[in-house]
Amino acid sequence: MSSLIQRVKQIAAGFDADTLRSIEIDPLRIEAGAINEVAPYLKGKQYAQVVIAADSITHEIVGRTLEEAITAQGIAVQVTLIKPNPQGDVIADEASIVQLLLDIQLKQAQVVVAAGSGTIHDISRYAAYTAGIPFVSVPTAPSVDGFNSKGAPIILRGEKKTIAAIGPDAIFADLEVLAQAPAAMVAAGFGDMLGKFTSLLDWSFGATEGGEPYSAEVAEITQVALNKCVDHIERIARRDQEGIRILIEALIESGLAMLLFGQSHSASGAEHHLSHFWEMEYIRLGKRQLLHGAKVGVACAEISKLYHRLAAEEAGLAFTEKPEQLRMAIAALPDETTIRNWLREVGGPSTTEELGVDAELLMRSLQEAHQVRPNRYTLLRAYNSL
């Protein structure tokens, strides 16, 4: 068992044995050269037919190397290069999923290897789940916390829906590969982690005033992973292997926390709802997509700005049953200036202007984004329900 999973299990010691077993990923390799272990792993599992899911960029980064190594083990390999949409973006939508499913069926594949970042993983996990086969994770950038998720955020007829799927049987996170990822994708991963500041506050609020289920252990796992990123921001910004290791471990720990709880409350609050709202609007308008974590980081700053404003206004928290308790929680939330400075330090966008999200879309999202997940009782939803 990896030391990372052991750390998580120590915090979550109160969970039942079956739940703790459900988060085990074997192997979970986070080290330089981890990509070299993929083919021997597949051979050891006696797979004879493998599909590698990638896009044109990630195929050049790791896909071609994986294809050659797996073929050398005597395993038949099909590479599926997910096609971009008319705007040039590879997205997790119906067309991408069907493209991969058809190749899985045609080759009678026994396993899918997801070679890419978040989108390739979402496509792979849902296609593998639908085909009734496992998938293996080979991340190419430390850009999101969804590598080990069991939920697949899919665009269905232009709307983003998170659908139950499967997590990976194994993860091979090669630090040499990840350290070469574009700076923007590293910054996106850091932005996705910063979003936990507002998601954890929203979760606590939703539990206290909306009757939502809550786990102090899962919140602690997420908070520890978040703190680790902020404490080592200089190393992450330098993108050396140790900084990248800290970031990818934190992203995977956040994913493990979600697996333990069975839902995404700990990692997805109002900041994610803003991000999803912007994404759906861009799809509707036929605009190029923005990196998920870049949107989440900026949205976190905007939500923090709103929450601090509400706490400062005498009647700003009139909708809550425990205004002083909530005011104290907001006081512990980093303000927008701090969050924006952190985003700048890692080289990511820090404002909606830098993202290209205009003032009208921002205003509309702050008023309507809570409807993206109407079953989540966030502070944003409570405020807009006035």
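Sorted by class, the residues lining the second largest pocket come out as seven nonpolar, two polar and one charged (Ala, Val, Leu, Ile, Met, Phe, Trp, Tyr, Cys and Pro count as nonpolar, Asp, Glu, Lys and Arg as charged, the others, Gly among them, as polar). The model here is predicted, so local features need pLDDT of at least 70 and side-chain atom pairs pLDDT 80 or more, while totals for chains, interfaces and linings use all residues. Numbering runs from 1 along each chain as its sequence is written, and side-chain values use heavy atoms, with hydrogens and water left out.

Helix α9 (residues 196-210) supplies five residues to this lining, the most of any element; helices here are DSSP runs, H or I, of at least four residues, numbered from the N terminus. Among the other lining residues are A329, A332, L333 and P334.

Next comes helix α8, residues 183-194. Of its 12 residues, 10 are buried (under 20% relative accessible area, 1.4 Å probe, protein chains only), including F190, M193 and L194.

L194 turns up again in the largest nonpolar core, which has 85 residues, as one of those with the most contacts inside it, along with I248, L256, L260, W278 and Y307. Such a core is a set of buried Ala, Val, Leu, Ile, Met, Phe, Trp, Tyr and Cys residues joined through side-chain atoms within 4.5 Å. Helix α12 (residues 241-261) gives this core its largest share, 12 residues. Apart from this core lies another, of 23 residues, with A39, I75, V113 and F172 among them.

Notes: Buried means under 20% relative accessible area, exposed over 50%, partly exposed in between (1.4 Å probe, protein chains only). Helices (H or I, at least four residues) and strands (E, at least two) are DSSP runs, numbered from the N terminus. On a 1 Å grid over the protein atoms alone, a cavity is a set of points where a 1.4 Å probe fits but cannot get out, and a pocket is an open set with protein on both sides within 12 Å along at least five of seven lines; lining residues have an atom within 4 Å of a point. The expected span of a helix is 1.5 Å times one less than its number of residues.
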